[in-house]
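Trainee: Could we go through this protein together, step by step?

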Amino acid sequence: MHGPQKLLTDASVPVFLQNCIPFTQNPHLLSLPYPYWRMSMASHCLSKLTGSLLLLVVQLLFFEVPVSFSRPPCDFPAIFNFGDSNSDTGGLSAAFGPAPPPNGETFFGAPAGRYSDGRLIIDFIAQSLGLPYLNAYLDSVGTNFSHGTNFATAGSTIRRQNTTLFQGGFSPFSLDVQSWQFSQFKARSRKAYDKGGVYKDLLPPEDYFSRALYTFDIGQNDLTAGYFQGMTTEEVKTYIPDVLDKFTIVVKSVYGEGGRFFWIHNTGPFGCLPYVLDRIPLTAAQIDRAGCGVPFNEVAQLFNAKLKETVAWLRKELPLATFTYVDVYSVKYSVISQPTKHGFEHPLVACCGHGGKYNYNMHVGCGGKIKVNGTEVLLGKSCEKPLSRINWDGVHYTEAGNKYVFDQISNGKFSDPLIPLRMACHKLVR
């Protein structure tokens, strides 16, 4: 594309031209080199546009070949998810015992394997694609994997922590283990599916594996692990490249098994989470205006920058795959730092918990009980209005918080490339 003439003749943007044509006919601007013309066009026109039209215009201005919205939405028949507690729909509960009440109270009415009062971002992703909520791979009772499965478990890391859940609080199901589980699941489900009968109702057919969406939401625990082991911020930064090397190995493994469509979340601002703020002392100068820990969020941002570079490298290494990098950090920090603007309150205080500035106690968590004179007393109670809160238990988000994040990321505004969830099987050529 060598100037505005290409845009003016593109049949896919009549409404865009109607809004911006006075600008495009300015002879001075038309004489500018294309990059300068493009930036001038952006600053003039984008503020006037909204919704899908805004997304289309951004694609036209910043990508050499725009995605045409005449393309059909992707038909993802299944989702295979890898991650930690941000997307665990029952894995850790199946392995080590259920998350206690009041988890699940807002939507499910009872604990449902999720560390939240309701649904997670992965639940909203599945729902938006017309798929059922994902069952955990480790859950052996009443599960149906015909439209995918969830390998995520709470406490999971990309790198193995070489410690037990009871010693360090980290899951033994690190990302490499999750990838081995996926490989086993694929091989064994294919054999079982071929037997017919009930297996065809409970397992995905072979072609689903190449057509499925592969979602990743993991990395936060790798970063907090260093801090909880007494490392400095600089020491945590030094092992980020190794964490991402391990991430790359897993993605390439999944690609080798036929995975082609990858939706990868970056890590959130863990410096705004009560379980970090409560456990690791900071000076007043290390706290930002939102009340978040600056060093922690700087590490998260460094990790995200390197993850984005890693995803760009994977695009070149695995040319048959489509990768979408999703900036959940920006969405989460925005809602935490400006809660009232988005209909929330007390963003740094856990809805469900007990005691202290953040309503968080690592020894008595959400649903936690103590014995008083031989009688169990519930200390980790839920707040009265979880729908107005962002943080659920000091570590995880409420259903309302998760829904807000999903609503922002699903339309592509925070994706690289700028593409909606339902179009994430299509490539944007830069």
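Mentor: Happy to! This is a predicted model, in which local features need pLDDT of at least 70, side-chain atom pairs count only at pLDDT 80 or more, and totals for chains, interfaces and linings use all residues. Residues are numbered from 1 along each chain as its sequence is written, and side-chain values use heavy atoms, with hydrogens and water left out.

Trainee: How many residues of strand β3 are buried?

Mentor: Strands are DSSP runs (E, at least two residues), numbered from the N terminus. Buried means under 20% relative accessible area (1.4 Å probe, protein chains only). In a regular strand the side chains alternate between the two faces of the sheet. On one side of β3 are Leu213, Thr215 and Asp217, on the other Tyr214 and Phe216, and the buried count is five of the five.

Trainee: In β4, which residue is the bridge partner of phenylalanine 216?

Mentor: Two strands pair if DSSP finds at least two bridges between them. β3 and β4 (residues 261–265) pair in the parallel sense over four bridges. In β4, the partner of phenylalanine 216 is isoleucine 264.

Trainee: Which residue takes a positive phi in the hairpin of β6 and β7?

Mentor: β6 (residues 369–372) and β7 (residues 375–378) pair in the antiparallel sense over four bridges. Two residues lie between these strands, and the positive phi, near 55 degrees, belongs to asparagine 373.

Trainee: Is histidine 426 buried or exposed?

Mentor: Histidine 426 is in the segment after β8 (415–416). Its relative accessibility is 14%, so histidine 426 counts as buried.

Definitions and conventions
Buried < 20%, exposed > 50% of the residue type's maximum accessible area, 1.4 Å probe, protein only.
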